Structure formats: structure tokens, C-alpha cells
Amino acid sequence: MKRILRRNTLILIFAIAFICGVGYFSFELIVNAESWVDQPYNAHVSGSGGLEQAGVIFDRNGYILAETSDGVRVYNENPSVRLGLLHTVGDNSLNISTAVQSKYRSQLSGYNLIWGLNMPQSMRMSHDITLTVDAATCAAAYDVLASYGKKGACVVYNYQTGEVLCSVSTPGYDPADPPHIDETNESEYDGVYLDNVLSSTYTPGSVFKIVTSAAAIENIYDLDSRTWNCTGEKEIGGNTVTCTETHGEIDYKTAMSRSCNIAFAEMAVEMGRDVMNQTAKKLGINDTYEVDDVKTAKGHFDVSKADENQLGWSGIGQYDDYVNPMQMAILCGAIANGGTAVNPTYIKDGSGDLLRLIGFKKPKEHNLMNSTTASQLDEVMRYTVSDYYSSQRPGLFEGLSVCAKTGTAEVGEDKKPNAWMVGYSQDQDAPLAFACVVENAGFGFEYACPVADAAMKAAANCLRNGG
Ligand SMILES: [Zn+2]
């Protein structure tokens, strides 16, 4: 009797262990199967990069960016489109982890939980993906950016819907002919797998004056009647802060349009560490944004331990300030939207995603500033373009009412500065925010501005023609 009881107990223990094991396995399968299929090391699951039965990737106008033909992945025939969209679309190597072909490989291959990769063709839902990007805009921005032979990024997005129309990162390579990179040539291909729009941060230089301006609008009550005196350099906190020019006596609006370092360094010192830290935090500088399933690189601003001179430099985007290009486009979009930032997205509504199709996933919104601050920034950034930039470069942003700020960020004595331009258009038929950066290039107005100009004109043209 005792023996039977012991045997029954053992059987029961085994049965419970078995049920728990099956339960655990099922749970893991349901939760993780899709991401297992997505792993590059599982490329053998369906051969050549796992893309031999992958669906088509379209741009917003139905232009084919990548498709599989006879089991071979084929990319767009236009080299500027292929190279310009490399980091968004991806290639067969799946080394660009943030690209659509890496991130959504299982979706593109028609993977589902019940059939795995072997779903009968007749029962398949479409496994194509339509992106929000416009191939022509990406090609236009890429051609200008790549002509410098530098690292850089350019993003343009619709600040009302969140749709990204242009996202370009350099350096890259042709996805139709990916390089074999090993220790003998890796320096030549440094940074090619990185999407600088989403995953890099840069010293902002004067584009950070937008943040210092937001702080000044809310904390310096007589801002519009104040003047500063710029002699080209000034002793602040026992050390020198330099300006690019000698601006003389200058008011706030002109200090912004002519980018006077002395005025903005003095504003930062006057407002103090807490106000600067709080404003940067509120504007999302230290945050990451979720763009579809990718998190943007976090910027950095912290003057808690800065001395007075460093606090001055922090207000003009130097010290140890860092920002991400997508983050700057989001900030500019928020100014255009009266303070509310709409999160960007690369995937057109419903495309290849059931949750998106039934409206479960909507672009997230964040309030970055109040509407009064937004409208005053709007005014000063519009003045910056109309008072100064437009007169320097005839035809700049022609057909658009653009508000913008350039930056020339010093990154060390032996290197050329990072060239920046960020901003947005006020036009309701082309509600576009942008950020362009060219690493170690030179003046923002000389290098980043032509990229922004090409991208904004092409993107506006796309929207105005119903694209
Ligand atoms: Zn100055």
C-alpha cells in the first residue's frame, strides 16, 4: 500500500513538472517566437538573409524600394534611392539593426505563430510594408549630404501626422553590393551600419540656442527690451567666451538671428544652473523617443557641476551638451505645433501590423512647452530666416515659410566643427520639421543648410502633389 502511494506521489510530481514545462515552453514560444525568427543568426531559417520570401517594401507613393524576385532580394534601380534609404530599408546582411528589414523581418517573411514560415500561399495576408518616406526626397537629401564625404544625417517629418518623409544617414554603401568588412578595411567603413538620424548624438553648438531661448522667454521678463554688448569675446566666470563676430550692442531677436554667443552665454549665466537644467529636461533633451520599435539615442544636458564659464558655454550648445538629430526635429515640430510634439513614425498606417491596422497603435504625443513659449520661439526663428538666412542665400526654402536655426559646433581644436541646421515650415499644406547635421564639416550655414534646403523643397513638393 505504502509503495503504491509513493509511486502515485512520484507520478504526480512528474506530471506537474511535465505540465509546468509544457506551459513554460508554450509561453516562451508565444512571447518570443517572433523575435527568434528575427535574429540574424537564424537567417538559415529561410536562406539568403532570411529575405528570400520577404514581401515588398514600398515608399509612400508606391515606389518599390526592395522586393524579392526568384528568391533574390532586389533593391531600387536608382543608386541615390538605394544609398539614401540604406539605413531605413536595410540590406541582406541585416547588420543595420534599426532598419525595417532587420526589425520587421518576420512580418516581411509572412511568419505567424501557427504556421511559422510555412503558411500556405493562399492563406497569407499581405506581408508587404509601406513606409512613410518619399524616395525622391531621400535621394535629393542624400545627393547633397553625400557630396561632402562626411558623416551626417538629415531627417524631415510631418509634425502633424508624425510621418517621416526623409531619413538619410552617411556614410553608407550600396545595398545591392554590400561590402565585406574585416580588420583590413574596417576603418574605411567606420560607422556605415549606424543610422545617425536615430542612433547618434552630436555637440549641438548654436542650434541649442533654441533651448536657451525657451528658458529666457519664460524666465527673463524684460527679454524683448534687453540689450547685450558683444565685443567678440567676454570674460565670464574667470575665462573667455568667444563670439564669431563683433556684434556690438544687440537685442534678443538680433542675437538669435546673428547667433551671438556672448548674449546667449550671459543669458544662461543669469538664469542659472537650475533653470537651464529644468528647461533642457522639459524639452526632452535627456530623453529617448520611441520611433516605431526603435529608441532614439538620448541627448545630454547637465550643468549641475558646471562652473560659471562652463554654464555660459552650455547655453550656446558647447560644454558637454549632446543632442540627437531626430530629437531636434521633434523639438522643432513641437514649436510648430504650439508646444505639442507628435512622435515620428516610418510605417504607413496599417501596413503589415495588425495592431496598427485596428488603430491600436497611434503616434504618441508629448507636451514640451506651453503655447506662449512656442509662439515666441516661432516668431524669433522665423525672423532668423527672413532677416538673415534668406538674404545670404537667394532662393533658400523658396515657396515655404521656414523658421530655423543653424549651428557651428566646435568639437576640438584639431577637428572642423559640426555643421547644423534645424527648423520647420509654417505652411499648413507642408507641415514639415527637419534636422540636418554634417560632422566635422565647417559652418552650419555653408554645409547643413543646402541639405536642409534640398530635403525641405522635395518633401513639400511631394505633399503638395498629393504624395
Ligand atoms: Zn556676438
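**Notes on the sheet, a hairpin and a helix crossing**

1. Let's start with the open sheet: four strands make it up, in the order S3-S2-S1-S4, and their pairing is mixed. At its edges stand strand S3 (72-75) and strand S4 (129-130); each has a single partner strand, so one side of each lacks a neighbour in the sheet. Please keep in mind that this is a predicted model.

2. Within that sheet, have a look at how S1 meets S2. Strand S1 (residues 57-58) pairs with strand S2 (residues 64-69) in the antiparallel sense, over two bridges. Phe58 has Ile64 of S2 as its bridge partner.

3. Next comes a hairpin. Strands S8 (residues 233-236) and S9 (residues 239-242) are paired in the antiparallel sense over four bridges, and Lys234 finds its bridge partner in Val241 of S9. Two residues lie between the strands of this hairpin, where Gly237 adopts a positive phi near 60°.

4. On to the helices. Helix H8 (residues 209-219) and helix H14 (residues 371-392) have axes that come within 10 Å and cross at roughly 125°. The angle falls between 115 and 145 degrees, and H8 and H14 are therefore oblique to each other. The crossing in which H8 passes H14 is right-handed.

5. Here is who meets whom at that crossing. From H8 come Ile210, Ser213, Ala214, Ile217 and Glu218, and they meet Thr373, Gln376, Leu377 and Val380 of H14.

Key: Residues are numbered from 1 along each chain as its sequence is written. This is a predicted model: local features need pLDDT of at least 70, side-chain atom pairs count only at pLDDT 80 or more; totals for chains, interfaces and linings use all residues. Two strands pair if DSSP finds at least two bridges between them. Axes are lines fitted to C-alpha atoms, for helices over the stretch in contact, and angles run from 0 to 180 degrees between N-to-C directions. Angles under 35 degrees count as roughly parallel, over 145 as roughly antiparallel, 65 to 115 as roughly perpendicular and the rest as oblique. A crossing is left-handed if the near helix is turned anticlockwise from the far one by less than a right angle, and right-handed if clockwise. Two residues are in contact if their C-beta atoms, placed from the backbone, lie within 7 Å.
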